[in-house]
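Subject: Structure for your attention

Dear colleague,

Please find the structure below, handed over for your study. My notes on what was found in it follow.

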Amino acid sequence: MSIRIQRSRATVKDLHSRLQHAYRRADVRLVRRITVLIDLLVHHVPVALVGERWGRSPACLSAWQKAFLLHGVDSLVSSHGGGRPSKLTPKQKKRLVELIEAGPLVVGCETACWNSVLLRVLIWREFGVLYNRHYVCTLLHNLGFSFQKARFVSDHLDEARRQQWLQEEWPTILRTAKRRKGLILFEDEASFAQWGSFSYPWAKRGQQPEVKTSGKRKGYKVFGAIEYFSGRLCSQGIEGRCTSESSQAFLTMILAQTTAPLLRIHEGARYHTSKATEQFFAAHAERLTAHPLPSYSPDYHPIEYLWKKTQQRATHKKYFKEFIALTVSVDKALAYFATHPDTVLGLFGRYCEESGLALKQAA
């Protein structure tokens, strides 16, 4: 006949409190002992199963239970067993890298990204090694990982279509431009808000930085195009919404500035594919051709990175009381990039790599 001992809520709370304290101190032995007691006395897991899970004999588990029943949480004290704490072997580190690269979802975590706490639990669960959470960061750095800001990626991505673009369509565009002595334009539009934008500044701990805002939800729209071979930037700002007509006006301005054929690479905004735009391209078919990027592929559009750099220079942590102040700041930032083609050329790294060109050769 087995006797089930029911713990009070206060005792269960004390056990969990001691467990968290042992975690923070990275006391592997105490973490194991408290976890065993919680399994036995709170969750009523069979002794045989707990012993198999933790590699402890029934006599050892009985002794731990007896000590806890006699002395309570006072029996749960840190102790040093001598010797250096266990470390991960090279084989275990290789396995850890594989698990990290597989992602948290694969190992049962309900999140898309790792943090040091989750990785600490993963290492303890998989290898029985409990590191201090601060050392986990050092370990990750030594394994070739870094702390980075995540980005959203559409779940509509068609990877086969993206690879086809990069490996087949892009080389064809490049060969056509060289044969016709044409210009490859990566064209896009951006909106810069009057209420500014944020980044990460330095400030005293506990005092969040503040930036004034007018609260006016008005944006400055800009059409832009960067040229693959020269790094030249063409831009045109407008007030109001981007339309087929304003897009055509921007392209007309570029056509007037050069006699070379233009191969325009663009995303799938409606005014890029509207009937009016198709008629415009048909009227200028001898000099102007359109090449749409794969859907949901902003990372294949180098000018997206230019917009980020422009935002950093023009709107980060800035206050625009009047709309004209915003337009002046954005135009000033764009003028800087227009006179620094080497900076723009640095945005074509992916395409230069795929086409076998070095950036200096492209310039």
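The axis of a helix is here a line fitted to its C-alpha atoms over the stretch in contact, and the angle between two axes runs from 0 to 180 degrees between their N-to-C directions. Please note also that this is a predicted model. With these points in mind, the helix pairs may be taken in turn.

Helices α3 and α4

Helix α3 covers residues 47-54 and helix α4 covers residues 58-71; their axes come within 9 Å and cross at roughly 105 degrees. Angles of 65 to 115 degrees count as roughly perpendicular, and α3 and α4 are therefore roughly perpendicular to each other. On the side of α3, the contact is made by Val-47, Val-50 and Gly-51, and on the side of α4 by Pro-58, Leu-61 and Gln-65. Sorted by class, this contact has four nonpolar residues, two polar residues and no charged residues.

Helices α2 and α3

Helix α3 also packs against helix α2, which is made of residues 28-42; the angle is about 155 degrees and the axes are 10 Å apart. Because an angle over 145 degrees counts as roughly antiparallel, α2 and α3 are described as roughly antiparallel to each other. The crossing in which α2 passes α3 is right-handed. From α2, the residues Arg-32, Thr-35, Val-36, Asp-39 and Leu-40 meet Val-47, Val-50, Arg-53 and Trp-54 in α3. Five residues of this contact are nonpolar, one is polar and three are charged.

Which residues does Arg-33 touch, not counting those up to four places away in sequence? Arg-33 lies in helix α2, and it touches Trp-64, Ala-67, Ser-75 and Leu-76 when those sequence neighbours are left out. Arg-33 and Gln-65 are 32 residues apart along the chain, and their C-alpha atoms are separated by 9.8 Å.

Helices α5 and α6

The axes of α5 and α6 are 11 Å apart, and the two helices pack at an angle of about 130 degrees. That makes α5 oblique to α6. The crossing of α5 past α6 is right-handed. In α5, Gln-92, Arg-95, Leu-96, Leu-99 and Ile-100 meet Leu-119, Leu-122, Ile-123, Glu-126 and Phe-127 of α6. The contact of α5 with α6 has seven nonpolar residues, one polar residue and two charged residues.

The largest pocket

How much space lies in the largest pocket? The largest pocket holds about 810 Å³ of space. Its lining is formed by 23 residues, and Cys-113, Trp-114, Ser-146, Phe-147 and Gln-148 lie nearest its centre. The elements that give two or more residues to this lining are α5 (90-102), α6 (116-127) and α7 (133-142). The lining comprises 13 nonpolar, seven polar and three charged residues.

A colleague

Terms used
Residues numbered from 1 in each chain as written. Predicted model: local features only at pLDDT ≥ 70, side-chain atom pairs only at ≥ 80, totals over all residues. Heavy atoms only, no water. 1 Å grid on protein atoms, 1.4 Å probe; cavity = no way out; pocket = protein on both sides within 12 Å on 5 of 7 lines; lining within 4 Å. Points joined across faces, edges and corners; volume = space filled by probe spheres on them. Helix = DSSP H or I, 4+ residues; strand = E, 2+ residues; numbered from the N terminus. Nonpolar A, V, L, I, M, F, W, Y, C, P; charged D, E, K, R; others polar. Parallel < 35°, antiparallel > 145°, perpendicular 65-115°, else oblique. Left-handed = near helix turned anticlockwise from the far one by under 90°. Contact = heavy atoms within 4.5 Å.
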